[in-house]
Amino acid sequence: MNFNNNNRLAIFGGKPVRKCMLQYGKQTIDHRDIEAISEVLKENNFLTTGPCISRFEENMAKFVGCKYAIAVSNATAGLHCAVAACNIGPGDEVIVPAISFVASSNCILYVGAKPVFVDIEENTLNIDASKIEAVITDKTRAIIMVDLTGQPADYHAIRKICVKYNLILIQDAAHSVGTDILMESNNLYNNEYCFFRKVGYYSDLTVFSFHPVKNMTTGEGGMVLTNNSELADKIRKIRSHGITIDYKEREKKGNHYYDMDTLGFNYRMTDIQAALGISQLKRLPQWIKTRREIADQYNKGFEKLFKYLEPFPYQDIIYPSGYHIYVIRLKLEKLSCDRDQIFKALRGEMIGVNVHYMPIYLHSYYQKIGKQNNWNYNKGICPIAEQRYNEIITLPLFPTMIGDDILDVIDAVTKVVKFYSKYD
């Protein structure tokens, strides 16, 4: 380590790269969004479950190319609705990747079923399709695949498994809203014929997130997409207390009567949120383009550091990433510290790094229920996930980042990595 004045880290008294903290993610809001929300407030007729909800759902279904889109209060609610609509419950098992946000697995617990964890691919952090069949039993009902970092999981391989074993495919696309995958191609690398479909079109059920740091936002909010009319009807009921007829239908019929024929929840989105979503959706393709451009700048900026780190996800023609987040893997064998020290040092340089995510089964609650139910959630069941968790850091990436922000991140990572390098 060299402690001269030029490269002394901020955590050791040096000058930080930035004066103020750069967040890892941030919503993109402008006057069009504000005007859309203001219009809802000015009309003073509906603040919730009004016409903006239907418009938002129709616009999203058209954007994706699917038949049905059901707006919900958040993506966690959407995942719960998706699992519940499939009549999954006690005694059933659902396969889920080891690394994701806990909601991807919690939704299985909500219905009393068992999450079964599968290790990840080394170069994408997504579920490893080649390891799925080994954990399928006669209790397995569904696979929840997660598009971590914004790169779609290996849909083609996972769909084949679902068909073979008659399993439901639920896609947690919280990170991949607005991205697509290659469905057909005559010549993949010469680009002679490539047919892409938007994420949300091809799985049995797909769940989007509109949290502020996601690719588009409604504040909080989510969406469930499907081409199955029966599942769509079930989800509409589940999101609204299990009631069979909503107020619009009652008004049309001039009848006050309604029935509750299933146990539902209040997972409805407001018209205020939907108005924001309608406005945001118009600019989503441009934001995805901008995210990819920023990722390209990072990739080029880190080329001289590839001895010490590598970016995730790798560039993929079939599953192009929407870069909800930009993750690097530290090659710790070539550094004189662990990931957490790098994390602390980058925060000291005013770079708002984060970590996505700890393997779900290592959380204390999962350790507790694993012991209670004799489920094997022991450390070591998904070794690649555990190794990658200790190596990864998420760097700032959002569409309104300016050139200096990007350069600050590159400079800070370079400064910190070289400081802890065993060789430079």
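Two strands count as paired if DSSP finds at least two bridges between them, and the tour of this predicted model opens on a pair that meets this definition: select β2 (93-97) and β3 (114-118), which pair in the parallel sense over five bridges.

Return now to β2 alone and colour its residues by accessibility. Five of its five residues are buried, so β2 is largely enclosed by the rest of the structure. Both of its faces are covered, with E93, I95 and P97 buried on one side and V94 and V96 buried on the other.

**A residue in β8**

Next select T206, which is found in strand β8 (residues 205-209). Is T206 buried or exposed? At a relative accessibility of 0%, T206 counts as buried, because the cut-off for that class is under 20%. If residues up to four places away in sequence are set aside, T206 touches Q171, A173, V199, G200, M223, V224 and L225.

**The helix across the sheet**

Select helix α4 (residues 103-110) next; six of its eight residues are buried, so this helix is largely enclosed by the rest of the structure. The buried residues are A103, S104, S105, N106, C107 and I108. Which elements do they pack against? Their partners are the helices α3 (75-85) and α11 (364-373), together with the strands β2, β3, β4 (140-146) and β5 (168-172).

**An exposed loop position**

From α11, move to N374, which has its place in the loop between α11 and α12 (383-389). N374 is exposed, with a relative accessible area of 72%. To place N374 relative to D119, draw a distance between their C-alpha atoms: the two residues are 255 residues apart along the chain, and these atoms are separated by 20 Å.

**Two packed helices**

Two packed helices are described by the angle between their axes and the distance between the axes. Select helix α9 (residues 284-301) and helix α13 (residues 403-420), which pack at an angle of about 35° with their axes 10 Å apart; their crossing is right-handed. To show the contact itself, display the side chains of I294, Q297 and Y298 along with G301 on α9, and those of I406, V409 and I410 on α13. By class, the residues of this contact divide into five nonpolar, two polar and no charged.

**A last stop at α1**

Finish at helix α1 (residues 31-43), where a distance between the end C-alpha atoms can be compared with an expected length. At 1.5 Å a residue, the 13 residues of α1 should span 18 Å, and the end C-alpha atoms are 18 Å apart, which agrees. Just after α1, select N44, which takes a positive phi of about 60°.

Key:
Residues are numbered from 1 along each chain as its sequence is written. This is a predicted model: local features need pLDDT of at least 70, side-chain atom pairs count only at pLDDT 80 or more; totals for chains, interfaces and linings use all residues. Side-chain values use heavy atoms; hydrogens and water are left out. Buried means under 20% relative accessible area, exposed over 50%, partly exposed in between (1.4 Å probe, protein chains only). Helices (H or I, at least four residues) and strands (E, at least two) are DSSP runs, numbered from the N terminus. Contact means heavy atoms within 4.5 Å. The expected span of a helix is 1.5 Å times one less than its number of residues. Axes are lines fitted to C-alpha atoms, for helices over the stretch in contact, and angles run from 0 to 180 degrees between N-to-C directions. A crossing is left-handed if the near helix is turned anticlockwise from the far one by less than a right angle, and right-handed if clockwise. Ala, Val, Leu, Ile, Met, Phe, Trp, Tyr, Cys and Pro count as nonpolar, Asp, Glu, Lys and Arg as charged, and the others, Gly among them, as polar.
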